[in-house]
Amino acid sequence: MAAPKMPNGGMKNKGRGAYVDRDKPAQIRFSNISAGKAVAECIRTSLGPKGMDKMMVELSKAQDIEAGDGTTSVVVIAGALLDACGKLLQKGIHPTTISESFQKAVDKGVEVLTGMSQPVLLSDRETLLNSATTSLCSKVVSQYSSLLAPMSVDAVMRVIDPATATGVDLHDIHIVKKLGGTIDDCELVDGLVLTQKVVNSSVSRVEKAKIALIQFCLSPPKTDMDNQIVVSDYAQMDRVLREERAYILNLVKQIKKAGCNVLLIQKSILRDALSDLALHFLNKMKIMVVKEIEREDIEFICKTIGTKPIAHIDQFLPEMMGTAELAEEVSLDGSGKLVKITGCTSPGKTVSIVVRGSNKLVIEEAERSIHDALCVIRCLVKKRALIAGGGAPEIELALRLAEYSRTLPGMEAYCVRAYADALEVVPSTLAENAGLNPISTVTELRNRHAQGEKTAGINVRKGGISNILEELVVQPLLVSVSALTLATETVRSILKIDDVVNTR
C-alpha cells in the first residue's frame with residue numbers, strides 16, 4: 001500500500017527535520033538533568049549524622065580530592081541546582097543566561113561564606129578537635145570519634161610545621177590496617193609499623209637498631225636464560241653446594257661487617273629474595289629479618305627511619321643505614337603480629353596509624369573515616385578559617401543571594417533567585433534524615449537567619465534549631481566553598497551539552 005504524497009513533500013520533510021533538530025538540544029539537556037537528579041536523590045539519604053551510607057560519583061571524587069569532606073553535600077547541592085535548571089529551561093530561559101547567572105551567584109556565594117567564617121589558629125587544638133569530630137559524626141564509626149579525632153589532629157600536627165605549612169601531604173601519614181581487635185585498639189605510632197612478620201623468630205627484639213633496606217636477593221644467582229645443569233657425580237654436587245654456601249656467606253658477612261642488625265628485604269618477583277641458607281646465617285649473626293617489603297612502601301620507610309635503599313651489596317655501607325632506639329615484633333592478643341620501629345634518630349616528619357577492627361568492613365570504614373578527619377584538618381591548614389555546620393551556611397547563602405537577586409535586572413534576577421532557593425535542599429535534607437519536619441524546620445531556620453542569627457543551624461542531636469557554634473558543629477571554610485563551586489561548575493557543564501553522539 002503506497003503512502004499518500006504530501007504537497008511540497010521535500011520541503012515539508014526538510015522543515016520537519018529542522019524542527020526536530022531544534023528540539024533535540026532541549027531534550028538532551030532534560031535527560032542529563034534527570035540523570036543528575038536521580039543520582040542526587042539516591043545520595044540525599046546519606047547526608048548528616050543520621051544519614052545512610054554513601055554512593056560516590058565523579059563530582060564527589062573531585063570534592064574528595066579538593067577538600068576530602070563534604071562529598072555527599074556536593075552531590076545533593078548539584079542535584080538541587082539541576083532541578084532548578086530544569087524548571088528555568090521549561091520557562092523558556094536560554095541555557096547561557098542560566099549558566100552565567102549561576103556563575104554570578106556562586107561568586108557572590110563564596111563572598112558571603114568568607115564573610116561569615118571565623119579565622120582559626122593551628123595552635124588552637126580544641127577547635128581542630130571540634131572540626132574532626134563533626135566530620136566523624138556522619139560516619140558508621142561515629143561513636144569512636146573521641147578516640148579517632150585526637151588521633152587525626154595529632155597525626156597532622158606531627159607531619160607539618162604549624163608556623164609555615166600551607167598544605168599537608170597525606171602520604172606522610174601511613175595507615176596500616178590489621179584485622180582483629182576493635183576500633184578501640186587503633187593507635188598512633190611515632191615511627192614505622194610493618195604488617196610483615198619477622199622471618200627468623202629467634203630475633204624478635206633489637207635495641208639500638210641499625211636498619212638497612214635492600215633491593216637485591218640473598219639467594220643463589222640465576223642465569224639470564226633458562227637452562228638445566230645435569231650433575232653426574234657427588235663431587236660435582238658438593239662443589240655446587242659449597243660455591244652456593246660460600247657466595248651467600250660472603251653476602252651475609254658484608255651485611256654484618258657494616259654493623260647492620262635489622263634487615264628489611266624488598267619483595268622480589270624474579271626469584272626468592274631470601275634463601276633458607278641465607279636465613280640460617282643471618283639467624284646465627286643475630287640479625288632481625290623482615291622480608292616481602294612492598295615497592296610502594298619503600299619511599300615512606302626511607303623517609304621515616306632515614307635509610308636509603310641499597311640496590312647492590314657493594315653499596316652496603318654504614319651511611320646507607322638508618323638508626324632507631326628499638327625494633328621489635330609485637331603480638332596483638334592472638335590476632336597476629338606487627339613490627340614496630342620507634343625512636344628513630346633522624347626521623348622524617350611521618351607517622352603511622354594502626355587501624356584495627358573485627359572484620360574487613362569495619363576496618364575499611366574506619367580507614368575512610370580517619371582519612372576524612374585528616375582531610376578536614378588539612379583543609380584548615382590550607383585555608384585557616386572555620387564556618388558553622390548544620391545547614392547554617394546554606395540558609396544564610398539562600399537569604400543573601402535572594403537579596404542580591406533583587407539588585408539584578410531581568411532574567412538574571414530570576415535565575416539567581418532559583419539558585420538561592422535550591423540551596424535550601426541541604427538544611428531540608430538534614431532535617432528529613434534526622435526525623436524532623438523539613439518544612440517547619442527550614443521555615444524556622446530561615447526566620448532565625450532573617451533576624452540576624454548567622455550561626456543558627458539544625459541541631460540533629462536535640463531535634464531543633466540552635467546556635468550551632470555553641471554545639472561545636474563546625475567545618476572548614478574550604479569544604480563549603482569547594483562544594484558550592486564544584487557543584488555549580490558541574491551544573492554549568494551539563495547545561496552546555498546539547499547533543500549526544502552514540503558510540504558503538
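Let's start with Glu 292, which counts as partly exposed, at 36% relative accessibility. Keep in mind that this is a predicted model. You will find Glu 292 in strand S7. What is its phi? For Glu 292 the angle is near 65°, a positive value in a residue other than glycine.

Is Lys 286 buried or exposed? Its relative accessible area is 56%, and exposed means over 50%, so Lys 286 is exposed.

Let's move on to a pair of helices. Please find H5, residues 125-137, and H6, residues 145-159. Their axes come within 9 Å and cross at roughly 125°. What do we call that arrangement? Roughly perpendicular runs from 65 to 115 degrees and roughly antiparallel starts over 145, so H5 is oblique to H6. As for handedness, the crossing of H5 and H6 is right-handed.

Which residues meet there? From H5 we have Arg 125, Leu 128, Leu 129, Ala 132, Thr 133 and Leu 136. Facing them in contact from H6 are Ser 145, Leu 148, Ala 149, Pro 150, Val 153, Asp 154 and Met 157. If you sort the residues of this contact by type, nine are nonpolar, two are polar and two are charged.

Key:
Residues numbered from 1 in each chain as written. Predicted model: local features only at pLDDT ≥ 70, side-chain atom pairs only at ≥ 80, totals over all residues. Heavy atoms only, no water. Buried < 20%, exposed > 50% of the residue type's maximum accessible area, 1.4 Å probe, protein only. Helix = DSSP H or I, 4+ residues; strand = E, 2+ residues; numbered from the N terminus. Axes fitted to C-alpha atoms, helices over the stretch in contact; angles between N-to-C directions. Parallel < 35°, antiparallel > 145°, perpendicular 65-115°, else oblique. Left-handed = near helix turned anticlockwise from the far one by under 90°. Contact = heavy atoms within 4.5 Å. Nonpolar A, V, L, I, M, F, W, Y, C, P; charged D, E, K, R; others polar.
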